[in-house]
Amino acid sequence: QLSLFRLTTKRLFSTSHSSVDSEELKKFQLLAHKWWDEEGEYSALHSMNDIRVPFIRDTLLNMSSNYHLGNPLSGVKILDVGCGGGLLSEPLGRLGASVTGIDPLEDNIRTADQHKSFDPVLAKRIQYKSSSLEEIVEECMETFDVIVASEVVEHVADLEMFIKCCSQVLKPEGSLFITTINKTQLSYILGIVVAEKIIGVVPEGTHEWEKFVPPEELERLLESNGFSVKTVKGMLYNPLSGSWSWMESTSINYALHAVKSGAQGQPSPTDALSELENDQPSATAGTAV
């Protein structure tokens, strides 16, 4: 039955129909060497770590009864989809997680690999691979406790297929964290006109408003593909201070946490944390990539 399922999955996610948008890749290709310039084109993503990392960490800790002092995410296997130069993979690795970062752009992966090599601890905990999500589905069935897709879904070609793939590689009761941009008049004015054309905190042409995803649509897609949406929070970027904060309104940027429905009789990843306490976190743990 499993082999039939995998065969079907392979056919469903064959690379002839990909969630990767080749036009999007061209945009990011030119900036692949700029990821770690905190004052450069990705400055807003650097400062987003101040709120997205604690959001991921605290949500996971609240779901778990096991606390590891100093390494709160020890034993947690995280897939960072569209990891770019590793801006989010690295802080998650520092929290003790075993992180696999994937990105379809080889230049991004080269940058990420080079940067993590400066830190021997991170070099062990993080593994990068130049790959699309659907390309790793077959060998990573129900492998990860957590998936993060931060500032990614507004760039994919087929959002529903992307979410299906997320479900395939997540363990039952695994967590999915998404940050993205709403599709509103305000997000067009602030996210494209102001951010790209006026103050230039985002490279011009980075975003297409038509591809922005309203939270209602994202929730509907997640719920219809076996996820339960737990949290949706608005995010606000202040270009003057270069800092992010949480807000009630989701009219511009927002963060979402959803949990994949559990299979009966299977332990949740957070229950499994206690079993993994004695295991050495390994960058390749549980993956076949």
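Trp-244 has a relative accessibility of 11% and therefore counts as buried (under 20% relative accessible area, with exposed over 50% and partly exposed in between; 1.4 Å probe, protein chains only). The model is predicted, so local features need pLDDT of at least 70 and side-chain atom pairs count only at pLDDT 80 or more, while totals for chains, interfaces and linings use all residues. Residues are numbered from 1 along each chain as its sequence is written, and side-chain values use heavy atoms, with hydrogens and water left out.

A pair of aromatic rings is described by the distance of the centres and the angle of the planes. Rings of Phe, Tyr and Trp (its six-membered ring) pair if their centres lie within 6.5 Å; planes under 30 degrees apart are stacked, over 60 edge-to-face, and the rest tilted. This rule gives five aromatic pairs. In one of them, Tyr-188 and Trp-209 have ring centres 6.4 Å apart and planes at 90°, so the pair is edge-to-face. Tyr-188 is partly exposed because its relative accessibility is 39%, and Trp-209, at 26%, is also partly exposed. The rings of Tyr-237 and Trp-244 have centres 5.0 Å apart and planes at 45°, so this pair is tilted. Tyr-237 is buried, at 17% relative accessibility. Phe-55, Phe-177 and Trp-246 together form one aromatic cluster.

Lys-183 sits over the face of Trp-209, 5.3 Å from the ring centre, and Lys-233 over the face of Trp-246, at 4.1 Å. For such a placement, NZ of Lys or CZ of Arg must be within 6 Å of the ring centre and within 35 degrees of the ring normal.
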